[in-house]
Amino acid sequence: MRNALRYFKPEFHSILLPEFKQELDEYGRIYMYRFMPKEEIKARSIDDYPARSRQAAGIMLMIQNNLDHAVAQHPHELITYGGNGAVFQNWAQYLLTMQYLSEMTDEQTLVMYSGHPMGLFPSHKKAPRCVVTNGMMIPNYSKPDDWEKFNALGVTQYGQMTAGSYMYIGPQGIVHGTTITVLNAFRKIGKSPLGNVFVTSGLGGMSGAQPKAGNIAGCITVCAEMNPKAVQTRHSQGWVDIVIDNTHELVERVKVAQQHKEPLSIAYLGNVVHVWESFHEAGIEIAIGSDQTSLHNPWAGGYYPVDLSFEQANKMMSEQPEEFKSQVQNSLRRHVAAVNKHTDQGTYFFDYGNAFLLESSRAGANIKGETTEFKYPSYVQDIMGPMCFDFGFGPFRWVCASNDPTDLKKTDEIATQVLEKLAANSPQEIKQQMQDNIQWIKGAQQNQLVVGSQARILYADALGRIEIAKAFSQAIAQKEIGPVILGEIIMMYQEQIHHTVKHQTFMTVLDLLQIWLYIM
């Protein structure tokens with residue numbers, strides 16, 4: 001309570017204290033809902049923001065995009081994606097940060113600590129306008145329960161990669177990476193996506209990209225989701241073709257799609273365990289499989305147990321947390337058992353970075369490998385590492401700060417021209433990745449990927465990033481397009497031997513750096 005009241009003068013504490021206590025009792029967090037803006041929060045043109053610094057206005061635009069109701073997973077709770085990827089911890093922090101950004105100059109830097117604005121500090125024009133850190137924890141006190149406690153206390157938050165760094169561009173941001181992953185997964189097993197089945201789960205802020213990516217790749221995607229609202233959102237946005245809520249109809253529809261080699265995405269409103277089990281009983285061959293539920297957050301709605309309705313699970317989560325945890329672990333054991341039956345028949349299964357392997361092993365599922373820690377590889381280890389990241393390709397985003405769709409179309413054309421020129425002289429080992437990017441960017445307008453800000457993403461290596469940025473700068477100088485915000489995540493990793501298991505090769509993210517570059 002003291003942490004929450006620090007933002008307010010003492011004379012207001014008696015008014016605010018009962019409200020904050022009620023929120024803490026009801027939600028387990030203090031969101032300060034009395035300060036949640038009544039007006040619509042969404043990305044606007046950079047010219048609409050009342051700021052002394054254009055760079056600060058760009059950050060205001062990106063913050064509002066992260067909290068847009070069409071973009072954010074739980075906007076009222078300031079969660080953008082991933083179940084707990086937060087922009088701020090409470091609405092007072094949002095208002096204070098926006099005020100600081102509106103007042104600051106190009107000779108000041110705003111320092112952010114897990115959503116808490118620490119203030120404006122003197123700097124210089126070439127310094128960052130904003131420095132952000134999230135999720136700072138002492139290693140000996142960094143278990144999930146420790147984090148939940150400190151988050152409830154209001155002293156830390158989990159910003160994911162692009163929520164707390166204000167660079168989320170809607171599910172499009174993961175659609176491209178998922179498309180590349182799915183394409184390369186099929187290449188790895190020597191099968192065409194056409195007529196072949198991809199089974200997974202999750203239709204949230206990140207996982208919601210899966211059916212769209214499957215359509216672009218050309219396969220039959222079955223994506224299970226327990227939350228009716230998430231299903232409705234993705235269906236209304238055109239990111240999934242059809243919704244089915246019973247396994248009998250699902251099996252029959254998939255058989256038809258297989259017969260006609262029809263690219264199709266299906267949202268199954270229900271538990272993914274039932275999908276794996278019913279497909280095995282029906283003899284449906286699954287070519288590739290994964291899972292993208294929020295298993296990094298398994299006890300707070302990141303993973304829903306089988307044989308409980310969405311409402312039953314939420315009630316148990318709140319009123320019987322220990323029983324809910326037991327049900328989740330039972331479900332994971334059953335989930336893995338069903339997956340194993342398919343992989344015994346040739347299915348290629350991979351972990352999608354959501355802690356599926358880790359939490360399944362903690363639950364006692366049959367997931368351990370004979371010569372490796374786990375039976376199944378991670379997508380970084382087996383697909384994206386050797387096929388993409390090893391050659392320096394990684395996420396490269398841009399946002400047209402004018403919020404004008406015409407600017408986005410022009411930047412797509414500029415990026416295509418740059419990539420085609422580079423591809424003509426690229427080494428053989430990266431030609432496939434270059435062509436995947438060219439195909440992606442050429443189809444971007446048709447695939448209607450924009451949700452929220454007028455943004456785009458592709459995977460580029462260092463040379464591609466440099467040349468695209470130079471081409472954008474030239475177009476801005478010639479007034480062909482308005483200002484552009486560039487955002488890139490640089491992931492440096494290495495192959496190493498696990499210290500407890502011989503012959504296990506895996507990728508470790510050594511460093512994650514969010515770089516902001518604002519082009520005038």
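Helix α3 (residues 54-66) and helix α4 (residues 91-103) cross at roughly 155°, and their axes come within 9 Å. The axes here are lines fitted to C-alpha atoms, for helices over the stretch in contact, and angles run from 0 to 180 degrees between N-to-C directions. This is a predicted model, so local features need pLDDT of at least 70 and side-chain atom pairs count only at pLDDT 80 or more, while totals for chains, interfaces and linings use all residues. Residues are numbered from 1 along each chain as its sequence is written, and side-chain values use heavy atoms, with hydrogens and water left out.

**Helix pair α3 and α4**

- With that crossing angle, α3 and α4 are roughly antiparallel to each other; angles under 35 degrees count as roughly parallel, over 145 as roughly antiparallel, 65 to 115 as roughly perpendicular and the rest as oblique.
- Helices (H or I, at least four residues) and strands (E, at least two) are DSSP runs, numbered from the N terminus.
- The crossing of α3 and α4 is left-handed; that label applies if the near helix is turned anticlockwise from the far one by less than a right angle, and right-handed applies if clockwise.
- On the α3 side, Ala56, Ile59, Met60, Ile63 and Gln64 meet Tyr94, Thr97, Met98, Leu101 and Ser102 of α4, where contact means heavy atoms within 4.5 Å.
- The residues of this α3 and α4 contact divide into 7 nonpolar, 3 polar and no charged; Ala, Val, Leu, Ile, Met, Phe, Trp, Tyr, Cys and Pro count as nonpolar, Asp, Glu, Lys and Arg as charged, and the others, Gly among them, as polar.
- Gln64, which sits in helix α3, counts as buried at 8% relative accessibility; buried means under 20% relative accessible area, exposed over 50%, and partly exposed in between (1.4 Å probe, protein chains only).
- Leaving aside neighbours within four places in sequence, Gln64 is in contact with Ile41, Lys42, Ala43, Arg44, Tyr49, Tyr94 and Met98.

**Helix pair α6 and α7**

- Helix α6 (residues 172-189) packs against helix α7 (residues 209-217) at an angle of about 50°, and their axes are 8 Å apart.
- That makes α6 and α7 oblique to each other, and their crossing is right-handed.
- Ile174, Val175, Thr178, Thr179, Val182 and Leu183 are the α6 residues in the contact, and they meet Ala209, Gln210, Lys212, Ala213, Ile216 and Ala217 in α7.
- By class, the residues of the contact of α6 with α7 divide into 8 nonpolar, 3 polar and 1 charged.

**Helix pair α9 and α10**

- Helix α9 (residues 247-260) and helix α10 (residues 272-282) have axes 10 Å apart and pack at an angle of about 60°.
- The α9 and α10 helices are therefore oblique to each other, with a right-handed crossing.
- From α9, the residues Thr247, Leu250, Val251, Val254 and Lys255 meet His274, Val275, Ser278, Phe279 and Ala282 of α10.
- The contact of α9 with α10 has residues that divide into 6 nonpolar, 3 polar and 1 charged.

- Ile414 is placed in helix α16 (residues 405-424) and is buried, with a relative accessible area of 13%.
- Ile414 touches Ala471, Phe472 and Ala475, not counting residues up to four places away in sequence.
- Between Ile414 and Glu467 there are 53 residues of separation in sequence, and the pair is 10 Å apart in space, C-alpha to C-alpha.

**Positive phi values in loops**

- Leu78 has a phi near 65°, a positive value in a residue other than glycine.
- Leu78 lies in the loop between α3 and β1 (79-81) and counts as buried at 0% relative accessibility.
- Lys479 is not a glycine either, yet has a positive phi of about 60°.
- Lys479 belongs to the loop between α18 (462-477) and β14 (484-497) and is exposed, with a relative accessible area of 75%.

**Cysteines**

- The structure holds 0 disulfides, a disulfide being a pair of cysteine sulfur atoms within 2.5 Å.
- Cys388 is in no disulfide, and the nearest cysteine sulfur, that of Cys219, is 17 Å away.
- Cys388 is buried, with a relative accessible area of 1%, and Cys400 is buried at 2%.
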